[in-house]
Amino acid sequence: MNEEHVMKSYSLALIPGDGIGEPVIDAAMRVAEAVSARHGFALTPTTFEWSCDYYLRHGRMMPEDGIEQLRPFDAILLGAVGWPQTVPDSVSLHGLLLPIRKAFRQYANIRPHRLLPGVEGPLRATNFDLLCIRENTEGEYSGAGGRLHQGTPQEVAVETSIFTREGVERILRYGFEQARARSGRLASVTKSNAQKYSMVFWDEVTAEIAAEFPDVEVRSYHIDAMAARMVMQPESLDVVVASNLFGDILTDLGAAIQGGLGFAASANINPDRSAPSMFEPVHGSAPDIASLGIANPIAAIWSAAMMLEHLGEMEAAKDIMEALARTTAAGIGVRPGGHRTDEITRAVLAQIG
Ligand code: NAD
Ligand code: IPM
Ligand code: MN
């Protein structure tokens, strides 16, 4: 019998988007391709030029069948969406990023916050390692609401949070599973002292799911106290699970304590794999530095490592993380504007060898 060598190949949809999205995705792909060559698999990227520029030409952020075009891919790698100078954020984000998260049931948004070697965060604490898990499809981002009597003194704006049992159970269960796989400690973020329907429900479901995980120690923290704790005692935390908006805000705080948005990676995971997951840095298009060539690509490169891990290429993902650590340990990419995007990328590639 003939032995067949078929190289594994993963199809990737690349959406660089706006501003620094393009250079950081380019950097992430160069690094991902370098490790793929080494680990015997191939990446076959297809680039989708969906962005605010696309909107100005076509009147929409992606084609009508954009979601269906993305569905067959193994994963999506996204840069950043938004260019408020030309397209209102409420239009651009609701036309591209947010519909992808919802349509593909990417309900777990995973955001790790820890210091890479050599990076000086703003805190005295250096030994923290947080994994934030943000609900990613409903809650405060349900999109339900409306405006009435616009432009009159009687004007009304309503934006309704929607918390479903399915949505809350699945994200909490995901949080408990991650906690079980790490330190066995879970922090559940609430605000049930003020939000007496949604967050009381969240706490009740936390208690219910806790019964399935007797080996996990769960504690609830109000969002305001959690924000303070992430600054004062981040090392007391491990896995943190939060609703969509609470998780959004806490993870920019997480980015800040790990040295800045240039270091914060994320994965929008569809855990049942019924549709592609999407990987993206936490940051946006950074209009203030977009033309300067100084965007830090580390957040995007780290996100690509999370993508390879999700695809099952653990060793390749580990290679990227080790190369990043050696790069920052050598002082490259550690300070905003200290090195250019391509210098940092070349340094990481050199570490990969
Ligand atoms: P931002 O993350 O783009 O920028 C905030 C600050 O962080 C800026 O000073 C920026 O220069 C800096 N920064 C961000 N990433 C950096 C990097 N890799 N290297 C060095 N510095 C970096 O947030 P913003 O200014 O609030 O938003 C700009 C646009 O991006 C808006 O349209 C917003 O809606 C959008 N946005 C998109 C996403 C996304 O696509 N996931 C995330 C956040 C914001
Ligand atoms: C993020 C971003 C998005 C969010 C915006 C751009 C809609 O801030 O991914 O953190 O709020 O989810
Ligand atoms: Mn955010």
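This is a predicted model: local features need pLDDT of at least 70, side-chain atom pairs count only at pLDDT 80 or more; totals for chains, interfaces and linings use all residues.
1. The shell of ligand 1 holds 22 residues, of which Val-81, Asp-89, Gly-284, Ala-286 and Asp-288 come nearest. Sorted by class, this shell comprises 13 nonpolar, six polar and three charged residues.

2. Polar contacts of ligand 1. Asp-288, named above among the nearest residues, places a polar side-chain atom 2.7 Å from an oxygen atom of ligand 1. Two further contacts involve nitrogen atoms of the ligand. In one, a nitrogen atom of ligand 1 is 2.9 Å from a polar atom of the Asn-296 backbone. In the other, a nitrogen atom of ligand 1 is 3.4 Å from an N or O atom in the His-283 side chain. Ligand 1 has 810 Å² of accessible area on its own, and the protein covers 71% of that area.

3. Around ligand 2 stand Leu-93, Arg-101, Arg-111, Arg-134, Tyr-141 and Asp-248. By class, two residues of this shell are nonpolar and four are charged, with no polar residue present.

4. Geometry of the helix pair. Two packed helices are described by the angle between their axes and by the distance between those axes. Helix α1 spans residues 21-39 and helix α12 spans residues 341-352; their axes are 10 Å apart and form an angle of about 10°. Angles under 35 degrees count as roughly parallel, and α1 and α12 are therefore roughly parallel to each other.

5. Residues of the helix contact. From α1, the contact draws on Pro-23, Ala-27, Arg-30, Val-31, Ala-34, Val-35 and Arg-38. Their counterparts in α12 are Thr-341, Thr-345, Arg-346, Val-348, Leu-349 and Ile-352. Taken by class, the residues of this contact are eight nonpolar, two polar and three charged. The charged residues include Arg-30 and Arg-38 of α1 and Arg-346 of α12.

Methods:
Residues are numbered from 1 along each chain as its sequence is written. Chains are lettered from A and ligands numbered from 1 in the order in which they are written. Side-chain values use heavy atoms; hydrogens and water are left out. Axes are lines fitted to C-alpha atoms, for helices over the stretch in contact, and angles run from 0 to 180 degrees between N-to-C directions. Helices (H or I, at least four residues) and strands (E, at least two) are DSSP runs, numbered from the N terminus. Angles under 35 degrees count as roughly parallel, over 145 as roughly antiparallel, 65 to 115 as roughly perpendicular and the rest as oblique. Contact means heavy atoms within 4.5 Å. A residue is near a molecule or strand if one of its heavy atoms lies within 4 Å of it. A polar contact is a pair of N or O atoms within 3.5 Å; within protein, one must be able to donate a hydrogen and the other to accept it, and residues adjacent in sequence count only if both atoms are side-chain atoms. Accessible areas come from the Shrake-Rupley method with a 1.4 Å probe; for residues, only the protein chains shown count as cover.
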